[in-house]
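Visitor: Hi, I have not looked at this one before. Could you walk me through it?

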Amino acid sequence: MDIAGIDPSHSNLHRSSEVLFSAKAAKALSFEEIARHIGRSEVSTAALFYGQARASPEDIRNLSSLLDLQEETLAAALSGFPDRGRTVEMPPREPLIYRLYEIVQNYGYAYKAVMNEKFGDGIMSAIAFSTDVKKETDEQGNNWAIITMRGKWLPYSRF
C-alpha cells in the first residue's frame with residue numbers, strides 16, 4: 001500500500017502539516033489506520049493533517065501516542081481555529097482536485113435541481129456534514145472511486 005505524504009511545493013499548508021506528515025511517514029501509517037486509532041473518518045483525519053479541521057484534546061492525545069509526538073508540541077501546533085479552504089487555489093491545478101471541481105462544474109446545476117425537487121428551496125450543509133471514500137473493483141478488474149457526501153438540508157428562511 002502506498003502512504004500519502006506531503007507535497008513540499010504546497011505553499012499554503014498549516015504549520016502542523018510538516019510535523020504530522022513526517023511522523024505519519026516514519027510510522028508508515030495510512031489515514032485509515034490513523035483514523036481507526038483516533039476514532040475519526042479517514043477524510044476527517046486527513047483534514048486534521050492539512051489544518052482543515054479542528055483537533056479535539058482527545059484527537060491530540062491519540063495522535064501524540066500513535067505518532068510518538070509530544071502532546072504539548074502537538075497541542076500548540078493544532079490549537080486555534082482552522083483556516084478552511086485556504087489550501088486550494090481556484091480553479092485548482094492539482095489534477096485530482098480539479099476533477100472534483102470539474103464534477104461540480106458539469107453536474108452542479110443537475111445536483112441542485114434534483115435536490116430542490118426532493119427537499120425544496122435550500123442548501124446542503126458543509127458544516128453538518130460527513131463524507132466517505134470507498135474503493136470498488138468491478139468484474140473486469142477496474143477500480144472505481146465511490147465518494148459519499150452526507151449534509152444536513154438547510155431550507156432557506158422566508159422573511
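What follows is a short chat about the model shown here.

Guide: Gladly, and please keep in mind that this is a predicted model.

Visitor: Okay, how many helices and strands are there in the protein chain?

Guide: The protein chain has six helices and two strands, and, read from the N terminus on, the elements come in the order α-α-α-α-α-α-β-β.

Visitor: And what box do the C-alpha atoms fill?

Guide: Taken along the principal axes, the box filled by the C-alpha atoms is roughly 50 × 50 × 30 Å. Of the 159 residues in the protein chain, 25% count as buried, and the accessible surface comes to about 11,600 Å², with 55% of that surface belonging to carbon and sulfur atoms.

Visitor: Let's pick a helix. Which residues of helix 5 are buried?

Guide: Helix 5 spans residues 71–78, and its buried residues are Leu74, Ala77 and Leu78. They lie on the same side of helix 5, because the arc they cover around the axis is only 85 degrees.

Visitor: Why would residues a few places apart point the same way?

Guide: An α-helix has 3.6 residues a turn, so residues that are three or four places apart point the same way.

Visitor: Then what covers those buried residues of helix 5?

Guide: The cover includes helix 1 (17–27), helix 3 (42–49) and helix 4 (57–67).

Visitor: Switching to the strands: which way do strand 1 and strand 2 run, parallel or antiparallel?

Guide: They run antiparallel, and 12 bridges join strand 1 (residues 122–137) to strand 2.

Visitor: What sits between the two strands?

Guide: Strand 1 and strand 2 form a hairpin with five residues between them, and in the turn Gly141 has a positive phi of about 90 degrees.

Visitor: What about Ala145, is that one buried or exposed?

Guide: Ala145, which lies in strand 2 (residues 143–155), is exposed, because its relative accessible area is 65% and the cut-off for exposed is over 50%. The C-alpha atom of Ala145 is separated by 6.1 Å from that of Lys134, although the two residues are 11 residues apart along the chain.

Visitor: Last one: how many positive and negative side chains are there?

Guide: The protein chain has 18 positive and 21 negative side chains, and the centres of these two sets lie 7 Å apart.

Conventions: Residues numbered from 1 in each chain as written. Predicted model: local features only at pLDDT ≥ 70, side-chain atom pairs only at ≥ 80, totals over all residues. Heavy atoms only, no water. Helix = DSSP H or I, 4+ residues; strand = E, 2+ residues; numbered from the N terminus. Buried < 20%, exposed > 50% of the residue type's maximum accessible area, 1.4 Å probe, protein only. Pairing = 2+ DSSP bridges. Arc of directions from axis to C-beta. Contact = heavy atoms within 4.5 Å. Areas by Shrake-Rupley, 256 points an atom, 1.4 Å probe, with all protein chains shown as cover. Lys, Arg positive; Asp, Glu negative; His and termini not counted. Charge placed at Lys NZ, Arg CZ, Asp CG, Glu CD.
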